Amino acid sequence: TAGAWEEVPIEIEVLGTKLPPLQKPVGFYLEYPAHLSWRGATRLDRERQAKCDLDMFAKLGLNGTAPPISVPLRDGLEIFTAETRAAKAAGVAPGWLLYDPLRGLRNAYGDERAARIGAAAVADLKRLGLPLPVFTAADEPGNPEQFTKGLQPWMAALRAASPAYKLAGRLNNPGDAALVGLFDVAIVNSGFGLDFATIDRVANTGKSVWIYNTFEPRLTAGLWLTYSRAERYVQWHARLPTADPYDPLDGREVDVQVLYPSQTVCPAIPDIHRDLLRLADGGVDQRWLLWLQARNEPEARQLAQKLRGRLGTSWSSAMRLTDKDIAAMRAEIVTLAQKLEK
């Protein structure tokens, strides 16, 4: 019944196998909790909750988070650097994505001034020895409402303001391939194309390729990242960034979140969506696949070839693999590990 507790006894066997760390970071785009951001009085609460969120992600191995870092408006550089320190302390893999800062600056000040303020923020991070982020400079520019004609002067202003910028474009349309040369990182989804051949074409230009919003978190974080040339995976959203977070019908983002708002800050048992655990499972899949690839035994090489063949190179075909299928594939690797440990 609703609200009832049920206890299920389980037995756990802990293998002596030591898995390698994640080679390609995975995580969610994390905003500050909207329900703690409406009033200044709750600022400390929202920062405390963000720390708890990042700590939970770290425990689950989700080191590819796009952390909550504010737009450096006016005296915002001090806050910007403090939030960068917090992300670093939480174990987020360096080179993380910042979605809001440049976009917010551009909306407030226009191309030239926004580029200069952003460049000052980058210089501040370098001076303090803090990790340099990847800034979103274009958000799905192929969409009709994005006014792609304004993209070239914006990118030119950014490049002129600082050679240290690492700039990304979120690309969701095959036509966006013509814009890849503008960016350091192409962040692509299935609308752009996720087949290995498509990713290869972008990677062959010398650009980094990341993946976003596949809505297949386990498949993407594990098998697809391992075998493709994509370097990172960020899924939208950990927390709903718009509208009333308690009402899934309010706002254009609908119910796309994995951490739900709570009455208390940092609850002992957070309310989560299953996709959070699916993405974490994908990270573990990636680590088992890396372990398998490092083995030289004939049976290990044979199993690696078998699993690689099952995946294929087409995203549409790979999506036919269910989480149950992927779990069975990992079980085959675990069974082999048990055998080799004896």
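**Notebook: surface, disulfide and selected residues**

I began with the surface: the protein exposes about 17,000 Å², and carbon and sulfur atoms supply 53% of it. For these accessible areas I used the Shrake-Rupley method with a 1.4 Å probe, and for residues only the protein chains shown count as cover. I note that this is a predicted model, in which local features need pLDDT of at least 70 and side-chain atom pairs count only at pLDDT 80 or more, while totals for chains, interfaces and linings use all residues. Residues are numbered from 1 along each chain as its sequence is written, and side-chain values use heavy atoms, with hydrogens and water left out.

**Entry 1. Overall form**

I looked up the secondary structure and found 11 helices and seven strands. Both are DSSP runs numbered from the N terminus: helices are H or I of at least four residues, strands E of at least two.

Along the principal axes, the C-alpha trace spans about 65 × 50 × 40 Å.

I recorded 50% of the 342 residues as buried. Buried means under 20% relative accessible area, exposed means over 50%, and partly exposed lies in between (1.4 Å probe, protein chains only).

For contacts (heavy atoms within 4.5 Å), I took those with a sequence separation of 6 or more; residues 24 or more positions apart account for 68% of them.

I counted charges as well: there are 41 positive and 40 negative side chains, and the centres of the two sets lie 6 Å apart. Lys and Arg count as positive and Asp and Glu as negative, with His and the chain ends not counted. Each charge is placed at NZ of Lys, CZ of Arg, CG of Asp or CD of Glu.

**Entry 2. The disulfide**

I searched the whole structure for disulfides (cysteine sulfur atoms within 2.5 Å) and found one. Cys-52 and Cys-266 form it, with their sulfur atoms 2.0 Å apart. The link is right-handed, with 100° about the S-S bond. Cys-52 lies in helix α1 (residues 43-59) and Cys-266 in the loop between β7 (232-235) and α8 (274-294), so the pair ties together parts that are 214 residues apart in sequence.

I looked up the accessibility of both partners. Cys-52 counts as partly exposed because its relative accessibility is 28%; Cys-266 is also partly exposed, at 22%.

**Entry 3. Backbone geometry**

I noted that the peptide bond from Trp-236 to His-237 is cis, with omega near -15°. His-237 is found in the loop between β7 and α8, and Cys-266 lies in the loop between β7 and α8 too.

I also recorded Asn-213, a residue other than glycine with a positive phi of about 50°. Asn-213 sits in the loop between β6 (208-212) and α7 and is buried, with a relative accessible area of 14%.

**Entry 4. Ala-221**

I placed Ala-221 in helix α7 (residues 217-227). At 0% relative accessibility, Ala-221 counts as buried. Not counting residues up to four places away in sequence, Ala-221 touches Val-26, Tyr-233, Leu-279, Gly-282, Gly-283 and Gln-286. For one of these, Leu-279, I recorded a C-alpha to C-alpha distance of 6.3 Å from Ala-221, across 58 residues of sequence.

I found Ile-12 in the segment before β1 (26-28). Ile-12 is exposed, with a relative accessible area of 69%. The C-alpha atoms of Ile-12 and Gly-104 are separated by 48 Å, and the two residues are 92 residues apart along the chain.

I placed Glu-332 in helix α11 (residues 323-341), where this residue is partly exposed at a relative accessible area of 26%. Leaving aside neighbours within four places in sequence, Glu-332 is in contact with Leu-303, Lys-306 and Leu-307. Glu-332 and Val-71 are 46 Å apart in space, C-alpha to C-alpha, and 261 residues apart in sequence.
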